[in-house]
Amino acid sequence: MLTPTTSLAELAGLPPGDVDAIARVGASAMASGRYALAVKIYEALVALEPLVHAHRLRLAFAQHGAGDTRRALDALDACLVEGTTLPPGAQVHALLLRAELVATGPGGREAARADLGRAHALAARSPEAKAALDGGGDGA
Amino acid sequence: MTLIRPPQNRMRSPIHGPTVELKTAGTPKPEEAVAVNKLGHVSEADLDVFLTARAQRQRGLDATRRGVFGAVEKLLSKPKPVESQAKAAHTLKQNIHSTLASLGAIYSDGFVSESEMGSLRAARNRLLGVMKLADPDVLQMLPRDVRERIEVLLLEPLGVITAAATRRNDRIFDEVMKRDEPALRQRLKAPVEYKALDVDVLARAGIPFDAAARYVPGDLVAVPRSDGSFSRGVVTANRGPSLSVEMLTADGQFAQKDITAQDLSAANPLKIGDTLETQQGRLWVSGSDDKGLYGFLDSPQGRVRIDADTMRRFASSLTSAKASTTQALSIFATLPGFSSCSQDTQRALISLGSLKRDPVFHKLFDHVVTTTKSPAFRALSPSAQAHQLTQMLGDKAFLPGVLPNIGQRRTNLSNVTWGTASWGDGAKLFYMPQGTPAPRAIVVPVTLKVGDVEKRFDVALPESLPEAKRNQVFLELTTSLQQLPPEVVSSLSTIVINPVRNPDDEWMAKHFHDPGFTSAMTANGDRRQIHVYPAASVSQAVQTFCHEAGHLVSVDVFGSINGIGPKWDAWEQARGADPVGVSQYGCKAKYEDFAEAFALYTSTKGTASHDAYRALMPHRFAILDEIAREALR
């Protein structure tokens, strides 16, 4: 029953809208710059639904905002896995953020270029990803 | 369930050198590499543009982060498909009893496996993660109906399970502490057992220096703590993505921790007990303290303590060089003609592959690889292939005109001290066209300290130079001087800033068959002066200084600056024996070749690529080794 990937929200019988309501509280914390609170909320969501990559991407942005680059990168790595459930546009944002964060680390420029390459490849296949790349305005 | 590993298992020796088990390491998947290459069409310049744009947008504008996040949130908040919402839900409350029974079963018979302990800790940590929602700051922001459901359906039952998991975890922890604490204290006190790390074996197996796969129970590690400090710990289990460690806290208490493979790698760029040869000397990874991993480097200046960041840089450059070398070896080893090449040529071909950051030699490498893949080349006999490979290496067309600026050194500006200016006799200092009266000079004594070398020399400027221009020249000169290698600094005597171009340019143009020849700098061996002309470029100044210093050094070593004299024979022979030239300008004359090679040698010494250049010019670098030793003495 309680496996490492079980959705505790589902197990508890919470309607999906309740999880969305928690996510909205996280977004509200992000919008007001309360990154530590946002980290707490998104960490709880990840623990609640480990297989939902969207929570991990939100957590990455919150940790980036809180200045914890290493944990932000861990979260990005976890949501950019093969078979990710992120929509293409969100994947582009994740790739751009990871490229930015890894570029200064050892051997990071090569990894950053690979991420930008992946973002461009996604944009070539998906209008949503292209819009995210163009909207990001950080195109290489 | 299995019995906990007995403490004596923790003394197993770490994975080192030839003892690495290749089968456990896995090999890089070629298709992945191909895919990355296909996507990796973003150039270095593109990346710079991206990073600059990103930095500009975020500088002083914290809202940008939120703006981007808002866009992400829009993408993530799209309505979910109906079927995903229709999943039948269980009731957590109904599962409380069976969950508690499962927790109670752990250690009920007095036995527990390391993985069970890890799972229990992971489950407890996850539950504690969800319980963060119980924070009033979070709950108050939720709509009332949502808050009530979360409190009743989720937090209430999870609170019961979390408390049970914590109690069970604490009980097991107490038992483990009783059993393991003496062994842990003994292991932490034991002297480090050093083992030579076989870099080649790791490179061939594709195992990074910091891979968690290198750790087995009993290995010492630096464990990152939540407050940013580190403890020295002992690995008790390696489950791949995560490891269990036992350690003593800052106040000497026994503690257990699960650490992700990534966190372990970040804190341990090398493994305690590793010892390996680097360009700067032998490196010893000795242990860890509250600041993290530490070790020692046997540098030419003596044994120095180094931290984890320094070790990471060493590991990174060694990994990169080895990976490139392995790649090059895999390309050339399949060619029948490769084994017919001389050893020098073989080494040079393999080393070319690791000079990825050198645009000139990387272009030559690409050319060689492309040629070797052609059917025409494949059809050649082994000896003909060997001949062509040797010729390609020696092809002057691929060399740069002059040595590009490769130096990356930077010493502290405070190490430059300007003395009081004195008036000099211009006629002795400046090179002026015949019949032109020489201007008077302002001579400024300068003291420059680079590493252990401290050198005093003079800088002469024309008195007629406007003060603003004089200051600008000083600034540019200072910028360049800061980056000079110690071997070059030790050879400096006087630097003369000439107001006009070199009157000898005309002669040089004829001599080198180069109609547009314009001197940037020249060296006067008799007066030990380096002359700087208006054509000198700031971006090339470091390399040119190194080149001109090479001319001055050649006077001491070979007895003349212009290649005349029997002592130059040794250089000429080395030049002939080396597979690769240094630059097209160096090919014009042996004394220019020496100056170019000296500049390459001094400006790359101490960098990751120095050994690769050495493989291209082994005989000349052997002479330069001796010269550098003398210069620093």
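Start with the largest nonpolar core, where 113 residues come together and A:Leu48, A:Leu57 and B:Leu154 touch the most other members. A nonpolar core here is a set of buried Ala, Val, Leu, Ile, Met, Phe, Trp, Tyr and Cys residues joined through side-chain atoms within 4.5 Å, and buried means under 20% relative accessible area, with exposed over 50% and partly exposed in between (1.4 Å probe, protein chains only). Helix α9 of chain B, residues 144-189, gives this core its largest share, 12 residues. Helices (H or I, at least four residues) and strands (E, at least two) are DSSP runs, numbered from the N terminus. Apart from this core lies another one, of 80 residues, with B:Leu393, B:Phe474, B:Leu481 and B:Phe517 among them. As a general point, nonpolar side chains tend to be buried together in soluble globular proteins.

Before going further, a word on what you're looking at: this is a predicted model, where local features need pLDDT of at least 70, side-chain atom pairs count only at pLDDT 80 or more, and totals for chains, interfaces and linings use all residues. Residues are numbered from 1 along each chain as its sequence is written, chains are lettered from A and ligands numbered from 1 in the order in which they are written, and side-chain values use heavy atoms, with hydrogens and water left out.

Now zoom in on A:Leu57. Leaving out residues up to four places away in sequence, A:Leu57 touches A:Leu76, A:Cys79, A:Leu86, A:Ala90 and A:Ala94, plus B:Val72 and B:Leu76 from the other chain; contact means heavy atoms within 4.5 Å.

That brings us to the interface. Chain A puts 73 residues into the contact and chain B puts in 61. About 5,800 Å² is buried between the two chains, with carbon and sulfur atoms giving 65% of it; buried area is the accessible area (1.4 Å probe) that two parts lose on being put together, summed over both. There are also 7 residue pairs in polar contact between chain A and chain B, both residues being at pLDDT 80 or more. A polar contact is a pair of N or O atoms within 3.5 Å; within protein, one must be able to donate a hydrogen and the other to accept it, and residues adjacent in sequence count only if both atoms are side-chain atoms. On the side of chain A that touches chain B, the elements giving two or more residues include α1 (8-12), α2 (16-31) and α3 (35-48) of chain A, and α2(A) supplies the largest share, 10 residues.

Which charged pairs cross over? The rule finds 5 salt bridges across the interface of chain A and chain B, a salt bridge being a side-chain nitrogen of Lys or Arg within 4 Å of a carboxyl oxygen of Asp or Glu. One of them pairs B:Asp135 with A:Lys40, the closest N and O atoms being 2.4 Å apart. A:Glu43 and B:Lys132 also meet in a salt bridge, at 2.4 Å from N to O. This pair runs from helix α3 of chain A to the loop between α7 and α8 (136-139) of chain B. A:Glu43 is partly exposed at 25% relative accessibility, and B:Lys132 is partly exposed too, at 31%.

Chain B on its own has 25 helices and 16 strands, and 46% of its 633 residues count as buried. In helix α7 (residues 114-130) of chain B you'll find B:Leu127, which is buried at 3% relative accessible area. B:Leu127 touches B:Leu158, B:Ile161, B:Thr162 and B:Ala165, not counting residues up to four places away in sequence.

Further along, B:Thr275 sits in strand β6 (residues 274-278) of chain B. B:Thr275 is buried, with a relative accessible area of 5%, and its side chain makes a polar contact with the side chain of B:Arg282 at 2.8 Å.

To finish, look at a salt bridge within chain B: B:Asp578 pairs with B:Arg620, with the closest N and O atoms 2.8 Å apart. The two are 42 residues apart, B:Asp578 in the loop between α22 (569-577) and α23 (590-604) and B:Arg620 in helix α25 (residues 618-632) of chain B. B:Asp578 counts as buried at 7% relative accessibility, as does B:Arg620 at 1%. Salt bridges that share partners join B:Glu572, B:Arg575, B:Asp578, B:Asp593 and B:Arg620 into one network.
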